[in-house]
Amino acid sequence: MAKKQKKNSGGTPATVALAAAGTPFTLHAYEHDPASPSYGEEAAEALGVSPDRVFKTLVADVDGELTVAVVPVAGQLDLKALASAVGGKRAAMADPAAAERTTGYVRGGISPLGQRKRLRTVLDSSASEHATVCISAGRRGLEVELSPADLAALTSAVVAPIGRA
C-alpha cells in the first residue's frame with residue numbers, strides 16, 4: 001500500500017531510491033509526445049540540455065545475463081565494448097518485453113535506478129566529463145539530474161567507454 005501511495009504522489013522507484021539514499025538530484029518533468037521517434041532526444045530538447053548530457057538506459061543480453069548500459073542519447077551503444085566491460089564475449093540488445101519485466105519499467109522510461117531486479121550496470125565513461133547528467137526517472141516525460149559519480153555509486157556501475165558517436 002505504501003508503494004501505491006508513493007506512486008500516486010508522483011514518485012517512481014528511481015526517485016524513491018534516490019531519496020532513500022540521500023543523494024542530491026533535480027527532477028525535470030516535460031510533456032512526452034508519444035509520436036516522438038527518440039525518447040532521449042525528446043528529453044534533451046524539452047529540457048534544453050545538450051544530448052551529450054542526457055543518457056539513455058539500454059538493456060542488453062551479455063552471455064545470457066541481462067545488463068544495463070547507460071550511454072549518451074547523442075550516440076549509440078557499442079555492444080562489443082559492453083561485453084568486454086563486464087568480462088563477457090557476446091552482447092545483443094535484450095528482448096524489450098524481458099527488459100520491461102525485469103526492470104519494472106516501460107520502454108522509454110527505463111531507469112538504471114530502482115529496478116525491480118538490480119542488474120549489473122555499465123556507465124559510459126563520457127559521463128565523467130559533465131558535472132551532472134540526466135537519466136530517466138522511471139517514467140516517460142520525467143528525467144532526473146544527478147552527478148555521474150552518484151549514479152555510478154548507486155548502481156555499482158562499471159565505468160567504461162561503451163558509447164560511440
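The end C-alpha atoms of residues 41-153 lie 25 Å apart, and this span is 25% helix and 34% strand. According to its unreviewed UniProt entry, residues 41-153 carry the annotation "domain: YbaK/aminoacyl-tRNA synthetase-associated"; UniProt positions follow the numbering used here, feature names are shortened, and annotations may be inferred rather than shown by experiment. What you're looking at is a predicted model, in which local features need pLDDT of at least 70 and side-chain atom pairs count only at pLDDT 80 or more, while totals for chains, interfaces and linings use all residues. Residues are numbered from 1 along each chain as its sequence is written, and side-chain values use heavy atoms, with hydrogens and water left out. Helices (H or I, at least four residues) and strands (E, at least two) are DSSP runs, numbered from the N terminus.

**The nonpolar cores**

- A nonpolar core here is a set of buried Ala, Val, Leu, Ile, Met, Phe, Trp, Tyr and Cys residues joined through side-chain atoms within 4.5 Å. Buried means under 20% relative accessible area, exposed means over 50%, and partly exposed is in between (1.4 Å probe, protein chains only).
- The largest core has 24 residues, and Phe55, Val59, Val70, Leu123, Ile135 and Leu151 touch the most other members. Helix H2 (13-21), strand E2 (55-62), strand E3 (65-72), strand E7 (133-139), strand E8 (142-146) and helix H6 (148-155) each give two or more residues to this core.

- How many residues of E8 are buried? Five of the five are, so E8 is largely enclosed by the rest of the structure.
- Both faces of E8 are covered: Leu142, Val144 and Leu146 are buried on one side, and Glu143 and Glu145 are buried on the other. In a regular strand, side chains alternate between the two faces of the sheet.
- E8 runs antiparallel to strand E1 (residues 26-29), joined by four bridges; strands pair if DSSP finds at least two bridges between them. Ala29 has Leu142 of E8 as its bridge partner.
- E7 and E8 also run antiparallel, with five bridges joining them, and Val133 stands opposite Leu146 in E8.
- The hairpin of E7 and E8 has two residues between the strands, and Gly141 takes a positive phi near 90° there.

**Two salt bridges**

- The structure holds two salt bridges, each a side-chain nitrogen of Lys or Arg within 4 Å of a carboxyl oxygen of Asp or Glu.
- One joins the side chains of Glu145 and Arg53 (2.9 Å, N to O). Glu145 sits in strand E8 and Arg53 in the loop between helix H3 (39-47) and E2, so to speak distant parts of the chain, 92 residues apart.
- Glu145 counts as buried at 17% relative accessibility, whereas Arg53 counts as partly exposed at 23%.
- The other joins Arg120 and Glu65 (3.6 Å, N to O). Arg120 lies in strand E6 (residues 120-124) and Glu65 in strand E3, so the pair ties together parts that are 55 residues apart in sequence.
- Arg120 is partly exposed at 28%, and Glu65 is partly exposed at 41%.

- In helix H5 (residues 96-103), the buried residues are Ala98, Ala99, Thr102 and Thr103. They cover an arc of only 110° around the axis, which puts them on the same side of H5; the arc is that of the directions from the helix axis to the C-beta atoms.
- The buried residues of H5 pack against E2 and E3.
- In H6, Pro148, Leu151, Ala152 and Thr155 are buried. Seen down the axis, they fall within an arc of 95°, so they line one face of H6.
- Ala149 and Ala153 are exposed on the other side of H6.
- The buried residues of H6 pack against E3, E6, E7, E8 and strand E9 (158-160).

**Positive phi values**

- Gly104 follows H5 and has a positive phi near 85°.
- Ser156, in the loop between H6 and E9, has a positive phi near 55° without being a glycine. Ser156 counts as exposed at 53% relative accessibility.

Note on methods:
Contact means heavy atoms within 4.5 Å.
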